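Could you walk me through how a few helices pack here and what sits around the ligand?

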Amino acid sequence: MTRTTEGLSPELHAYVVAHSEPVDDVLADLAKETAELFPTHKGMQIGPEQGAFTTLLTRISGARHVVEVGTFTGYSSICFARGLPADGTLLALDISDEWTSVARRYWERAGVADKITLTLGPALESLRALSEEPRFDLAFLDADKEGYVDYWEELVPRLRPGGLVLADNTLSHGRVVDSDDTSAHVQGIRDFNDRLVSDDRVTQVLLPIGDGLTLARRN
Ligand SMILES: C[S@@+](CC[C@H](N)C(=O)[O-])C[C@H]1O[C@@H](n2cnc3c(N)ncnc32)[C@H](O)[C@@H]1O
């Protein structure tokens, strides 16, 4: 969740966005409407350069089945869905009917509604309700940070070998290295980052895109 990349000046961020795949009217309107409807939460959307990256990653990885943990008003889900082939699917997990009702409207407008299934409720329960078989090619983690390690443990067995996990906010706006910050969500991210390093089921890289985007591949 963040609309800009950490450590980039506003000018350089604008340059990065201007030299990535352009944001179309659907995503621009979604960002605008989200800011109007939910001004204190608008920063939860992934940023435009992250959106361009996720669409491209979905496409170049050949992913057909994606799961998203944390959908909000739908920005990232549209970016993933746009990278899917015609028979691709996206399972979107979120707890908020209010926020995802905006997503549902924009999925229709983006022409991707037929690819997306929304399951409302605590995402950990939704994941545990899925049989433990490798079914996903790509998983996106962007819900409550305290839950990242638990989500990870449910996601990895459900990823096919070679499947990818993308996790947002893995820099916590730089707070991961501030030892005075002992807040639960920052600690949740530190625990997640440490867990991946010690997990020999995957190979991972922490990319400083947006607020930190970790990419892991199931070996
Ligand atoms: C950072 S936002 C997701 C932003 C979204 N990926 C985007 O780009 O617009 C986090 C979302 O996680 C959801 N969430 C938080 N805790 C949750 C939980 N326990 N189970 C399911 N969803 C949860 C919130 O309702 C919120 O919509």
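**Helices and ligand**

Reader: Is the crossing in which H4 passes H5 left-handed or right-handed?
Author: This is a predicted model, where local features need pLDDT of at least 70, side-chain atom pairs need 80 or more, and totals for chains, interfaces and linings use all residues. Residues are numbered from 1 along each chain as its sequence is written, and side-chain values use heavy atoms, without hydrogens and water. A crossing is right-handed if the near helix is turned clockwise from the far one by less than a right angle, and left-handed if anticlockwise. By that rule, the crossing of H4 past H5 is right-handed.

Reader: How do H4 and H5 run relative to each other, roughly parallel or roughly antiparallel?
Author: Helix H5 covers residues 97-110, and its axis comes within 10 Å of that of H4, crossing at roughly 30°. Axes are lines fitted to C-alpha atoms over the stretch in contact, with angles from 0 to 180 degrees between N-to-C directions. Under 35 degrees counts as roughly parallel, over 145 as roughly antiparallel, 65 to 115 as roughly perpendicular and the rest as oblique. H4 and H5 are therefore roughly parallel.

Reader: Which residues of H2 meet H4?
Author: Helix H2 (residues 25-37) and helix H4 (residues 75-83) have axes that come within 10 Å and cross at roughly 165°, which makes the pair roughly antiparallel. H2 also passes H4 in a right-handed crossing. On the H4 side of the contact (heavy atoms within 4.5 Å) are Tyr75, Ile78, Cys79 and Arg82. On the H2 side they meet Val26, Leu27, Leu30 and Ala31.

Reader: Which residues of H7 make the contact with H8?
Author: Helix H7 (residues 148-155) packs against helix H8 (residues 184-197) at about 35°, with the axes 8 Å apart. H8 brings Gly188, Ile189, Asp191, Phe192, Arg195 and Leu196 to the contact. From H7 come Tyr148, Val149, Trp152 and Glu153.

Reader: How far is a polar side-chain atom of Asp94 from an oxygen atom of the ligand?
Author: Polar contacts here are N or O atom pairs within 3.5 Å, and a ligand nitrogen is 2.9 Å from a polar backbone atom of Gly70. A ligand nitrogen is also 3.3 Å from a polar backbone atom of Ile95. For the Asp94 side chain and the ligand oxygen, the distance is 2.7 Å.

Technical notes:
Helices (H or I, at least four residues) and strands (E, at least two) are DSSP runs, numbered from the N terminus. A polar contact is a pair of N or O atoms within 3.5 Å; within protein, one must be able to donate a hydrogen and the other to accept it, and residues adjacent in sequence count only if both atoms are side-chain atoms.
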